[in-house]
Each structure stands twice: as C-alpha cells, then as structure tokens.
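Morning, everyone. Let's look at one model together, strands to begin with and then a pair of helices.

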Amino acid sequence: MNTVSLLRPAATNPATRPELTDALRATVDAKAAAALTLLRDAVAEFGHDGELAFANSFGAEDMVLTDLILTHRLPIEIFSLDTGRLPAETYTLIGEVEQRYDTKLKVYFPDASAVENFVRSHGINAFYDSVELRKACCGVRKMEPLRRALAGKKAWITGLRAAQSVTRTGVALREFDQANGLEKLNPLADWSEAEVWAYIRRHDVPYNALHDQFYPSIGCAPCTRAIALGEDVRAGRWWWEDPASKECGLHVRKG
Ligand code: SF4
C-alpha cells in the first residue's frame, strides 16, 4: 500500500501549470513590468534608511515578488516569520531560495516565553478550540514578531491579491495600513492565480511543493489543508471557521 498517497492527494493540481498561451505570456510580462516599476518607485520613495520591507511568507505570490526583488537586486529588505509550526515543505523552500539567489533570509521567531505560556495555558493545539484561541495563537506566533519586523518602517510590501478570498476583495496596489500605521504596497493586487503561475513557470521560480498537492494558500501546518477543485483558494486555511473571520491579523483592515 502506498501510504504517502493516503496522506496527500496526487501531485496533479492543474492550477499550478496554466497553459502558456501568447496572450497569457504578454499579460504576465506587462504585469511583471508594472510590478517592477511599483517596486522601484517604492525604493525611490521609502528605500532609504531601511524604511521599506517585503514580508515574504513563501506563498506563490511572494515567490514572484522574491524573484523580482532579488533578480533585479532591488535594495528592499526581505523578512519572514517562522511561527514554529510551518510545514516541512516551507523550510525546504527557504533553503532553495537561499541557494538559488545566493542570499540569507531574515527570519523572525516568536517570543519563546510567550509561546511557552500560551501552550501551558491552552494546550499545544488550542487553535482548534475557538476563534479567540486561534487568533491568540496567531497573535503570539505571528503578530508580535510582525510588529518587531515592521518597527521603524514607513512602508511594507505584500503579495496580497484581491481575487484570493472574500476578505481580500478590496485590496489595492497601494493603501494605508491603519492597523500597523504605515503604507502597504501590494504589487500583485490585480493579478490572477493563472498569471502568478505563468510568471513562476516562465522564470523557473522555486515554489512550495505543497502547491502541486492542492494547497493554493499555505500557512502553518496544523491550520492548512488541501482544497477540492472549485473551492476558494483560501478554503484550506482555518477551514473549520467562517470564511469572513479567516485572517490571521497580518492583513486586517481597521475602520
Ligand atoms: S496559523 Fe495556526 S498554528 Fe499558525 S499561528 Fe495561527 S493559529 Fe497558530
């Protein structure tokens, strides 16, 4: 018996291999050029004194931005959050990125005492018990490290796309992030999933192996599952919750 096939679906997700038609190639090239212009403009506006940073969570969109920033040697700080609960495939990808682009990534970890206290009080998998405990876990493992990563920054860059979920339909190329008090740039806001994957294929960009196994959106291992064909791309994140509550706090709008 093939036990691996019982754990995860076969690697046949068609979404990661769109047909590279001439029209799709042209659209992706144009959008990549526009994203590069936005990034260069951001460097001109915020790139001095370490005031601009890209939050890289190693999803497909973030790999497009990683490739644009590192291939074009843009002076943009790249940081990541290691919650301590990431899937093994994400750590493999981090190693691939460091090797491919000959770089060392800046990784922020949660405060060890805060994690210890949370686990002692609520249990190792408390996020399944309530939305409040899930958000508290995200607060300890993601939000507090994010606040440290963004300290002193005037703008940050994300791979958010408007078409990703009901919680992201209003995402703009540029917006003021009231929750964190700084500008937020989303160069791929108007990209489709097919355009993201067309860029990855055209430029042979490394990506998380889970994407081929029907994981379009990847976060912590216990809070991410594969989706069925036709499901929303964020359906595999905190799948036991109502879709309207499914953000970890990193990208919540105030007001
Ligand atoms: S995604 Fe899950 S494991 Fe990760 S920080 Fe949030 S609740 Fe905790």
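I'll go through the strand pairing, then the helix packing.

This is a predicted model: local features need pLDDT of at least 70, side-chain atom pairs count only at pLDDT 80 or more, and totals for chains, interfaces and linings use all residues. Residues are numbered from 1 along each chain as its sequence is written.

Some terms. Helices (H or I, at least four residues) and strands (E, at least two) are DSSP runs, numbered from the N terminus. Two strands pair if DSSP finds at least two bridges between them.

Start at strand S6, residues 182-185. Strand S4, residues 155-157, runs parallel to S6, with three bridges joining them. Ala155 sits opposite Glu183 there. Strand S5, residues 174-177, runs antiparallel to S6, joined by four bridges. Here Asp177 faces Leu182. S5 and S6 make a hairpin with four residues between them. In that turn, Gly181 has a positive phi of about 75 degrees.

Now the helices. H3 (residues 60-71) packs on H7 (residues 193-202) at about 45 degrees, with axes 9 Å apart. Axes are lines fitted to C-alpha atoms, for helices over the stretch in contact, and angles run from 0 to 180 degrees between N-to-C directions. That angle makes H3 oblique to H7. Oblique is what remains once we take out roughly parallel (under 35 degrees), roughly antiparallel (over 145) and roughly perpendicular (65 to 115).

Who touches whom? Ala60, Glu61, Met63 and Val64 of H3 meet Val196, Trp197, Tyr199 and Ile200 of H7. Contact means C-beta atoms, placed from the backbone, within 7 Å.

Conventions:
Two residues are in contact if their C-beta atoms, placed from the backbone, lie within 7 Å.
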